[in-house]
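Q: Please take one part of this model and describe it closely. I would like to know what surrounds it, how it is paired, and what lies further out.

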Amino acid sequence: MKYYILFGPPGAGKGTQATAMVEKYNLNHISTGALLRKEIAAGTELGIQAKTLIEKGCLVPDEVVEGMIENEFKTVTGVDGFLLDGFPRTLPQADALDQILARNGSEVTATVSIMIPDEMIMERIKGRALKEGRADDASEDIINNRIVTYHNQTEPLIEYYSKAGKYNEIDGIGTIDEVRDRIFSVMDKF
Ligand code: AP5
Ligand code: MG
């Protein structure tokens with residue numbers, strides 16, 4: 001089984017590119033953000049707790065997303081691997097992922113990171129807000145907090161996976177097709 005991490009700041013194009021990636025490499029797409037939004041929509045206890053944090057642009061507790069990931073690994077079959085979109089995004093989550101995979105004799109295959117500058121994050125998310133109406137896209141303040149959260153809590157993972165020889169960065173500026181082709185040329189190596 002392959003375990004790919006789809007990394008990148010908010011609005012970098014992770015969700016957009018995931019569709020083509022899962023199709024080409026027969027992967028299961030796990031977006032922790034999408035799973036949390038599903039819990040919110042269903043009004044579960046977990047969703048109610050996550051809602052306040054997400055709508056402020058903060059992260060939900062590590063244990064919550066770690067549990068979700070472990071559950072998906074156990075229940076999904078018939079694929080050649082997993083594409084983790086938006087997970088891990090803290091050092092403790094990266095450590096937990098290593099431990100979960102090690103228990104099954106596996107490890108992270110590669111990190112594919114889509115990188116765009118902060119100004120472009122704002123521009124792309126504002127564009128999406130007009131189409132999708134995500135609560136955490138609703139104001140510049142929330143988007144800015146997501147950017148700050150990314151720099152403080154998630155960016156350290158670049159060093160973590162670089163040291164492990166598993167970090168592959170792709171320029172996220174360009175058309176959706178151009179970025180997709182750059183991603184494919186990296187993934188074809190694994
Ligand atoms: P999550 O859903 O993961 O959101 P995110 O990381 O902020 O990323 P986005 O989904 O906003 O962006 P994306 O990279 O998928 O971009 P997209 O493809 O849509 O997480 C939401 C929240 O859940 C978090 O803030 C946190 O609270 C919580 N959470 C989730 N995971 C967690 C975890 N592991 N730990 C703790 N908390 C967690 O593209 C954006 C827009 O740009 C679209 O409109 C798209 O059409 C457009 N676009 C894409 N590519 C291009 C291109 N090349 N050119 C022009 N436009 C483009
Ligand atoms: Mg997304």
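**A strand and its surroundings**

A: Six of the six residues of strand β4 are buried, so β4 is largely enclosed by the rest of the structure. Buried here means under 20% relative accessible area, exposed means over 50%, and partly exposed is in between, with a 1.4 Å probe and protein chains only. The model is predicted, so to speak of local features needs pLDDT of at least 70, and side-chain atom pairs count only at pLDDT 80 or more, while totals for chains, interfaces and linings use all residues. Residues are numbered from 1 along each chain as its sequence is written, chains are lettered from A and ligands numbered from 1 in the order in which they are written, and side-chain values use heavy atoms, with hydrogens and water left out.

Both faces of β4 are covered. Ala110, Val112 and Ile114 are buried on one side, and Thr111, Ser113 and Met115 are buried on the other. Strands are DSSP runs of E with at least two residues, helices are runs of H or I with at least four, and both are numbered from the N terminus.

β4 belongs to an open sheet of five strands, with the order β2-β3-β1-β4-β5 and parallel pairing. Two strands count as paired if DSSP finds at least two bridges between them. In general, strands of a sheet pair through backbone hydrogen bonds, either parallel or antiparallel. The edges of this sheet are β2 and β5 (167-171), each with a single partner strand, so one side of each has no neighbour in the sheet. From one strand to the next, the twist averages 20 degrees.

On one side, β4 (residues 110-115) is joined to β1 (residues 2-7) by four bridges, and the two strands run parallel. In this pair, Tyr4 stands opposite Ala110 of β4. With β5, β4 pairs in the parallel sense over five bridges, and Thr111 stands opposite Tyr167 of β5. β1 is itself mostly covered, with five of its six residues buried. β1 also pairs with β3 in the parallel sense, over five bridges, with Lys2 opposite Gly81 of β3.

In general, most residues other than glycine have a negative phi, and most peptide bonds are trans. Asn26 has a positive phi of about 50 degrees although it is not a glycine. Asn26 sits in the loop between α1 (14-25) and β2, and at 34% relative accessibility it counts as partly exposed. The peptide bond from Phe87 to Pro88 is cis, with omega near -5 degrees, and Pro88 lies in the loop between β3 and α5.

Now the helices. In α2 (residues 32-42), Thr32, Leu35 and Leu36 are buried. Seen down the axis of α2, these buried residues fall within an arc of 100 degrees, so they line one face of the helix; the arc is that of the directions from the helix axis to the C-beta atoms. The face turned away from the buried side carries the exposed residues Lys38 and Ala41. The cover over the buried residues of α2 includes β2 (27-31), α3 (45-54), α4 (62-75) and β3 (81-85), where contact means heavy atoms within 4.5 Å. Just after α2, Gly43 takes a positive phi of about 70 degrees.

α2 and α4 pack at an angle of about 100 degrees, with their axes 11 Å apart. Axes are lines fitted to C-alpha atoms, for helices over the stretch in contact, and angles run from 0 to 180 degrees between N-to-C directions. This makes α2 roughly perpendicular to α4 (65 to 115 degrees; under 35 is roughly parallel, over 145 roughly antiparallel and the rest oblique). Thr32, Leu35, Leu36 and Glu39 of α2 meet Val64, Val65, Met68, Ile69 and Glu72 of α4. By class, the residues of this contact divide into six nonpolar, one polar and two charged (Ala, Val, Leu, Ile, Met, Phe, Trp, Tyr, Cys and Pro count as nonpolar, Asp, Glu, Lys and Arg as charged, and the others, Gly among them, as polar).

In α3, Gly47, Ala50 and Ile54 are buried. They cover an arc of only 70 degrees around the axis, which puts them on the same side of α3. On the other side of α3, Glu45 and Ile48 are exposed. What covers the buried residues of α3 includes α2 and α7 (140-154).
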